[in-house]
Number of protein chains: 2
Amino acid sequence: MTASTFPSTPTLPLARSSVVAAHSKIVSLVHRTPVLTSSSLSESLPCKNTLYFKAENLQKGGAFKFRGASYSLSCLTPEELEKGVCTHSSGNHAGALALAAKQRGIPCYVVMPDDSAQPKIDAVRAYGAEITFCAPTAPARAATLAAVQARTGAAFVPPYDAANTILGAGTAALELLADAPGLAAVVAPVGGGGLLAGTALAADGTGARVFGAEPAGADDCARGLARGSRVEDVDARTVADGLRTPVGVLNFPVIQEKVEAVVTVSEEEIFEAMRLLWERMKIVVEPSGAVAFAAVRSPKFQALGITGPVGIILSGGNVDLSKPPPWTVPATTPTSTE
Amino acid sequence: MTASTFPSTPTLPLARSSVVAAHSKIVSLVHRTPVLTSSSLSESLPCKNTLYFKAENLQKGGAFKFRGASYSLSCLTPEELEKGVCTHSSGNHAGALALAAKQRGIPCYVVMPDDSAQPKIDAVRAYGAEITFCAPTAPARAATLAAVQARTGAAFVPPYDAANTILGAGTAALELLADAPGLAAVVAPVGGGGLLAGTALAADGTGARVFGAEPAGADDCARGLARGSRVEDVDARTVADGLRTPVGVLNFPVIQEKVEAVVTVSEEEIFEAMRLLWERMKIVVEPSGAVAFAAVRSPKFQALGITGPVGIILSGGNVDLSKPPPWTVPATTPTSTE
């Protein structure tokens, strides 16, 4: 990646207080999404955990990504803001950044692989961002982004591997822990690791144990923790398109230090969790968004014997609704990265 | 109808204060459902009304019906409660009453037409109620219910045509008006009229104008208002299965007195409203639940020139998710009554 990130970086190492500070800067910009409960889903678990679902699928732009995008923008100087922001993404980060930029009335430039899903492209365009398409490879994305940045002077807002993105993402768990005090555990999905690292920071010192949830078909984070070093690429085969990317450089050590374990789940477990969320909770959750609930339902998690209340982050709800419900059709899962 | 309702009836005529009193009795039993907003849906309207959606699809049992059922139970004496409750319903009221009875640990007997949808039957059974099936006609329902009541001594809790059902239903609008102060208008769907009459009572004196929303294919309420007397039966042809029933005897005069107008919508308008709610708001709303939003989007409503904030009651979210999204298939709409 040759594009340079913007200069406003917080003090490292990251801490819970940095998440609290980030929250105070974006509280008027983001939705305080509701924390939902379901007695039937809670009672269905062997450990009868009372479940608290943080519904980030109801966040602006339909995913938690809007938090990191909003916070990243709030750290830019007026001069930087004037030139606008740019990123590369095939998924929710692109839409989130475009929406955050629209909210501030600044330009946004998005590099998208030319095989991106049409609804994601439509969303980015509807938010008024300029799209540059490129070949669906990491080098093509980096080169195209560098060219866009050279032309526009826009600040690069990375999808997950950046301190401000992590801190912004962590504000979801911060709200969850405030609205549902006394959680025994918090579970977040892990793709690039922005949400999981942010969640771990937010939970630091609260007494809540922190777990990641990952598709077995994209288990680079679990494997990295097992071997003690980050796995740099992943041959992702999962319907959970938001979690196909390898964990980021900044994200991995935070997860290594503060997350107790990453629980992997099968594609079938993801579909079943997703169906239950739609059917019982009446909310539209995308496959990646259902992975943390799938993990909590799994025998692996239930075998831990945690009997207290558990917080679950439903990370997003952007699905193509012109197609039949995804659990009714066999999973065909092209590989791609965020 | 030979079955007699239970004796605990509030003082007539019904007033806003009765809804406030009802709310205080059920506040610990029901979910205070969130009030959701969507800037993209608000901005899409010609009058740019800021929309406040009361998400009763997130209510326990998946519909506002749980409010009326809970309040009706809270008005019974200990002796009455011991014998249990009964009702006839093919829809959300059956599940709501079964769940409210389960919550109190009392027996519940439900008479269902033998052509009821399987998911509704499953829900009632899962909540532990005893189901008696009957032929899908009004006389068969009444006779079967009378037999159940004679055998069990259970109190009949009507689906909509009862003061306590109306007052319980009105608590949804009461919460909406408290959480979104200063509404210019509130819009609720009308089938039997429990929700609309309750909404009108809750809004009384608040300054919010009250409108009903009805499928054009089951427009008995709109026709009744036009001719000045209740239409007693309706040849309902609409996908909105919760709104196929004629307005109740108690409900109609309240609506006549306090509701400004009932706006009718086409099947296409219902499907489009439903799709937008799933896609933009990430919530699962059933056809009946989308009718109020369809009305607000309609040229008829927009022509009124109301430019202030509008509250919309999303009444329920119980759909059969084993089938493709309903807007992707042609509407085939069997007729039935609640």
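Which residues in H3(A) are buried? They are Lys65(A), Phe66(A), Arg67(A), Gly68(A), Ala69(A), Ser70(A), Tyr71(A), Ser72(A) and Leu73(A). Please keep in mind that this is a predicted model.

**Helix H3 of chain A**
- Helix H3 of chain A spans residues 65–74, and nine of its ten residues are buried, so the rest of the structure largely encloses it.

**Chain A as a whole**
- Chain A holds 14 helices and ten strands.
- For 338 residues, a compact globule would have a radius of gyration near 20 Å, and the 18 Å of chain A agrees with that.
- Along the principal axes, the C-alpha atoms of chain A fill a box of roughly 55 × 45 × 40 Å.
- Of the 338 residues in chain A, 57% are buried.
- Taking contacts in chain A between residues at least 6 apart in sequence, 76% link residues at least 24 apart.

**A parallel sheet in chain B**
- In chain B, four strands make an open sheet with parallel pairing, in the order S5-S4-S3-S6.
- The edges are strand S5 (130–134) and strand S6 (155–156) of chain B; each has a single partner strand, so one side of each lacks a neighbour in the sheet.
- Strand S4 (residues 108–113) of chain B runs parallel to S5(B), and five bridges join the two.
- Met112(B) sits opposite Phe133(B), which belongs to S5(B).
- Helix H5 (residues 92–104) of chain B packs on this sheet, where it touches strand S3 (85–88) and S4 of chain B, and its direction makes about 170° with that of S4(B).
- Helix H7 (residues 138–152) of chain B also packs on the sheet, touching S3, S4, S5 and S6 of chain B, with its direction at about 160° to that of S4(B).

**How the two chains are related**
- The same surface serves both copies, as 100% of the contact residues of chain B recur in chain A.

Note on methods:
Residues numbered from 1 in each chain as written. Chains lettered and ligands numbered in written order. Predicted model: local features only at pLDDT ≥ 70, side-chain atom pairs only at ≥ 80, totals over all residues. Contact = placed C-beta atoms within 7 Å. Pairing = 2+ DSSP bridges. Axes fitted to C-alpha atoms, helices over the stretch in contact; angles between N-to-C directions. Buried ≥ 20, exposed ≤ 12 C-beta atoms within 10 Å, placed from the backbone. Rg over C-alpha atoms; globule rule 2.2 N^0.38 Å.
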